[in-house]
Amino acid sequence: MLRHLKKLGISKPKPKELTPEEVKKFARLDIDPDSITWKRVIEKNHDRPGPTRERHDSQGTPVLVHAVLFANIAHGNSSIVADKIARKLVGPGGFVVTEVGFGADIGTEKFMNIKCRYSGLTPQCAVIVATIRALKMHAGCINLARHISNKKAYGVNVVVAVNKFSTDSDAELNVVRSAALSAGAFDAVICSHHAHGGKGAVDLGVAVQQACENVTHPLKFLYSLDISIKEKIEAIATSYGASGVEYSEQVEKQIEMYSKQGFSGLPICMSKKGAPSGFVLPIRDVRASIGAGFIYPLVGTMSTMPGLPTRPCFYDIEIDTATGRVIGLS
């Protein structure tokens, strides 16, 4: 310490005698605490002895369970690694189905603008799963039409899978199918796999295959990475039906800071749901996940992951390898 002080031309041997400027010079740290984007992370991966089990659905189709965090704090999609492994397994003539989290207005936007950019993977078809019950609770066919138009904006064919339940009437199912086709869907298929398994989704499989074989447009991103952070936010907001974006004073400062730090070239991870139009989208906070590779604005009262304990609950969950019974869930 004394040797370092001497090199700096400081002759005071006691730390308490140093002036703020001398402390700053000695430590050589000139960091604004508000500019630090690091967040606490808990590593949840740890090996446990036990049998290796193949994962598949009830009819034997292989399933890769490798996902990320929810779409209200991350991109909410299955991993790039899982998709690439699946493509290798199915071969050139096979089909890989990958889920995008939380609907067409959250999951798809992140899948296209974040995941597809980083992975280089290009989807040939997008499937929207709809039910009569869900449509009755969420703005009806207007919401479905918005989902379809949002997906078509990326240049992919859209197939709507209308899941049929015993409480649905034929009239309701036909109305939804007609509305989907009118909104620009490549096809809309009434499916009964909830009751009949794979046999109830044969027509859906055929429709998806035809949609993949009839791709006429290249994949289009919603925005270029070269534009500013604000322009990217506004491009997403406009696709959601917003007429404008409102930034708080704090957000303005954060955007300026991230731009100065060289992060303006990152994609945006932003959440909003529904099918309104003509509204002003309020941005109350902007944060950066530099390691993950995106900036995420917080819209209105949208919250991130609820507070988690310092000691995660999974430490108390075990599997009895002899019986396969899970211990510690209650």
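Which residue meets Asp285 in a salt bridge, side chain to side chain? Arg287 does, at 2.9 Å, N to O. This is a predicted model: local features need pLDDT of at least 70, side-chain atom pairs count only at pLDDT 80 or more, and totals for chains, interfaces and linings use all residues. Residues are numbered from 1 along each chain as its sequence is written, and side-chain values use heavy atoms, with hydrogens and water left out.

View 1. A salt bridge puts a side-chain nitrogen of Lys or Arg within 4 Å of a carboxyl oxygen of Asp or Glu. Asp285 is buried at 8% relative accessibility. Arg287 is partly exposed at 23%. Buried means under 20% relative accessible area, exposed over 50%, and partly exposed in between (1.4 Å probe, protein chains only). The whole structure holds eight salt bridges.

**View 2. An open sheet of three strands, β4-β5-β6.** Helices (H or I, at least four residues) and strands (E, at least two) are DSSP runs, numbered from the N terminus. Two strands pair if DSSP finds at least two bridges between them. Pairing in this sheet is mixed. β4 (242-247) and β6 (294-299) are the edges; each has a single partner strand, so one side of each lacks a neighbour in the sheet. Strand β5 (residues 279-289) runs antiparallel to β6, joined by six bridges. Val286 has Pro297 of β6 as its bridge partner. Helix α10 (residues 229-239) packs on the sheet and touches β4, β5 and β6, with its direction at about 140 degrees to that of β4. Contact means heavy atoms within 4.5 Å. Helix α11 (residues 249-260) lies across β4, β5 and β6, at about 45 degrees to β5. Axes are lines fitted to C-alpha atoms, for helices over the stretch in contact; angles run from 0 to 180 degrees between N-to-C directions.

**View 3. Asp83 and its partners.** Asp83 sits in helix α3 (residues 80-90). Its salt bridge with Lys115 spans 2.5 Å, N to O. The pair links distant parts of the chain, 32 residues apart, with Lys115 in helix α4 (residues 104-119). Both residues are buried. Leaving out residues up to four places away in sequence, Asp83 touches Ser78, Thr98, Lys115 and Leu121.

**View 4. Asp187 and Arg177.** Their salt bridge has its closest N and O atoms 3.6 Å apart. Asp187 lies in strand β3 (residues 187-191) and Arg177 in helix α7 (residues 170-182). Asp187 is buried at 18%, whereas Arg177 is partly exposed at 32%.
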